[in-house]
There are 2 protein chains.
Amino acid sequence: MQTFTEENYLKTIYKLSEGSAPVSTNQLAAILNTKAASVTDMLKKLSEKKLIDYTRYYGVTLTEVGKKIAVDVVRRHRLWEYFLVEKLNFKWDEVHDMAEELEHISSTELVDRLDQFMDYPAYDPHGDPIPDKHGRIKHHEFKPISQLDVDESGVISGVREHSPPFLQYLEKLNLMLGNQIRVIEILAYDQSVVLTVNQSENKISISKEAAKNILVTS
Amino acid sequence: MQTFTEENYLKTIYKLSEGSAPVSTNQLAAILNTKAASVTDMLKKLSEKKLIDYTRYYGVTLTEVGKKIAVDVVRRHRLWEYFLVEKLNFKWDEVHDMAEELEHISSTELVDRLDQFMDYPAYDPHGDPIPDKHGRIKHHEFKPISQLDVDESGVISGVREHSPPFLQYLEKLNLMLGNQIRVIEILAYDQSVVLTVNQSENKISISKEAAKNILVTS
DNA sequence: ATAAATTATTAGACTAATCTAAATATTTAT
DNA sequence: ATAAATATTTAGATTAGTCTAATAATTTAT
């Protein structure tokens, strides 16, 4: 059994390592809103519990056991986000903080029933895949709008940034999951992208940064 | 904002004081599974925060602010219990521990949406009233079976004891909420009660203790 | 290849919540 | 009304997680 805090460290290491790259102390401190010294302390503890492989001055990766826990926290987080949006009608930019708390409710049975209640959703409200009860994750072929060429189109299927202001911005431009976009022009001097949504006449322009953070399937 | 632990103390004081009677250190220690010394420490802290009125060697009562928080924790607990039983199909003896965790999720908006989602239930799965968002509580005229006379009948509407074994026992005897019982006989030597459920032929016998813990309306 | 800059770790201290053991109040029984 | 029993509080220590300041390792730049 892990504490709330331990679960957050494991989840963050999982997300930062994207597979298996070692994660640095400072990276963790930045995301967990804490100090490097605190991170070092916690890494020692998690290492003793054999949830991570930790080499001083080098970095940290998850062990198999640690990864299992991390994936489970991610599963819980995404299922609760889905619940909040689909059942309680919250908007996609409102659910993150609540899910951060709900993800630490410990009962496995509860999460599995919730999963069943919602008919086993595969993606959360931001398009991120929801691991199943065995930790299996569906992987879609996502790519950012910034990698499309002029005249290419795609269906918005995920986002790489989850901050409420960014999500509200997308909502305002109708750049929501499921909508189809087509790239009309890529401006040479700043790589900003001009595109249309759902075949509309209306052309909208988004920055290169934004284009990197919106994921499409073709 | 209170910690998890502070909320548990306030909730327990609220339940033990049944209105406004002062609660003792040892009573709290027993229910909170902790030691009297720890309780004293926490009472000092809650007193400084003006959530309780605490007099050394005498006892503790809630302030108005403390009571508001306590009622809100109770509201959250009972709404989540209702959710677990009505939406996720848990049984009434399975939900307590999960609700103990869920009740500490802080968002007020979340609880209010949950309330709306379930269409504002008035009672939880054990017949306890669910306070509304303003802290108002519906009070029913409950009395224990032990106070009925021979030939009197009533509808089971609540329980005074929430332990899984007791709830499972009631389920086995079909003594579930909503069922009608009639007292056939009260044995003189131990006050055990013989009764029928839903007009059945079948007579069942329960101890005086059990009869005290089952609440009926007439 | 060495100095400077960056990154990470250790040392020592703090807070919240808890504990045991000792001391003190209160209540009960004679 | 006093002794014994019970209930409560204080004193001092412990654990988890965090912090700042000082130190050490590593990387980068010259």
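1. In chain B, strand β4 (residues 153-159) runs antiparallel to strand β8 (residues 214-217), and four bridges join the two. Within this pair, B:Ile156 sits opposite B:Val216 of β8(B). Strands here are DSSP runs (E, at least two residues) and helices likewise (H or I, at least four), numbered from the N terminus; two strands pair if DSSP finds at least two bridges between them.

2. Before going on, a word on the ground rules. This is a predicted model, in which local features need pLDDT of at least 70 and side-chain atom pairs count only at pLDDT 80 or more, while totals for chains, interfaces and linings use all residues. Residues are numbered from 1 along each chain as its sequence is written, chains are lettered from A and ligands numbered from 1 in the order in which they are written, and side-chain values use heavy atoms, with hydrogens and water left out.

3. Which sheet do β4(B) and β8(B) belong to? They are part of an open sheet of six strands in chain B, with the order β3-β8-β4-β5-β6-β7 and antiparallel pairing. At its edges are β3 (143-144) and β7 (203-206) of chain B, each of which pairs on one side only.

4. Chain A has an open six-strand sheet too, ordered β3-β8-β4-β5-β6-β7 and paired in the antiparallel sense. Its edge strands, β3 (143-144) and β7 (203-206) of chain A, each have a single partner strand, so one side of each is left without a neighbour in the sheet. Inside that order, β5 (residues 180-186) and β6 (residues 193-197) of chain A pair antiparallel over five bridges. There, A:Arg182 stands opposite A:Thr196 in β6(A).

5. Now for the hairpins. In chain B, β1 (residues 52-55) and β2 (residues 59-62) run antiparallel and are joined by four bridges, with B:Asp53 opposite B:Thr61 of β2(B). Three residues lie between these strands, and B:Tyr57 in the turn has a positive phi of about 65°. In chain A, β1 (residues 52-55) and β2 (residues 59-62) pair antiparallel over four bridges, and A:Thr61 in β2(A) is the bridge partner of A:Asp53. The hairpin of β1(A) and β2(A) has three residues between its strands, and A:Tyr57 in the turn has a positive phi of about 65°.

6. How are the two chains related? Chain B can be laid on chain A with an RMSD of 0.0 Å by a turn of 180° and a shift of 0.0 Å along the axis, which means the relation is that of a two-fold axis. The superposition is by least squares on the C-alpha atoms of residues with pLDDT of at least 70 in both copies. In chain B, B:Leu102 comes closest to the rotation axis, at 3.8 Å (C-alpha). Both copies use the same surface, as 100% of the contact residues of chain B recur in chain A.

7. The contact itself (heavy atoms within 4.5 Å) takes 20 residues from chain B and 20 residues from chain A. About 1600 Å² is buried between them, 73% of it from carbon and sulfur atoms; this is the accessible area (1.4 Å probe) that two parts lose on being put together, summed over both. On the chain B side, B:Leu88, B:Glu101 and B:Arg113 lose the most area to chain A, together 31% of what that side buries.

8. Which elements of chain B carry this contact? Those giving two or more residues to the side that touches chain A are α4 (64-86), α5 (96-102) and α6 (108-117) of chain B, and α6(B) gives the most, with five residues.

9. Finally, the charges. A:Glu6 lies in helix α1 (residues 4-17) and A:Lys45 in helix α3 (residues 36-48) of chain A, so the pair ties together parts that are 39 residues apart in sequence.
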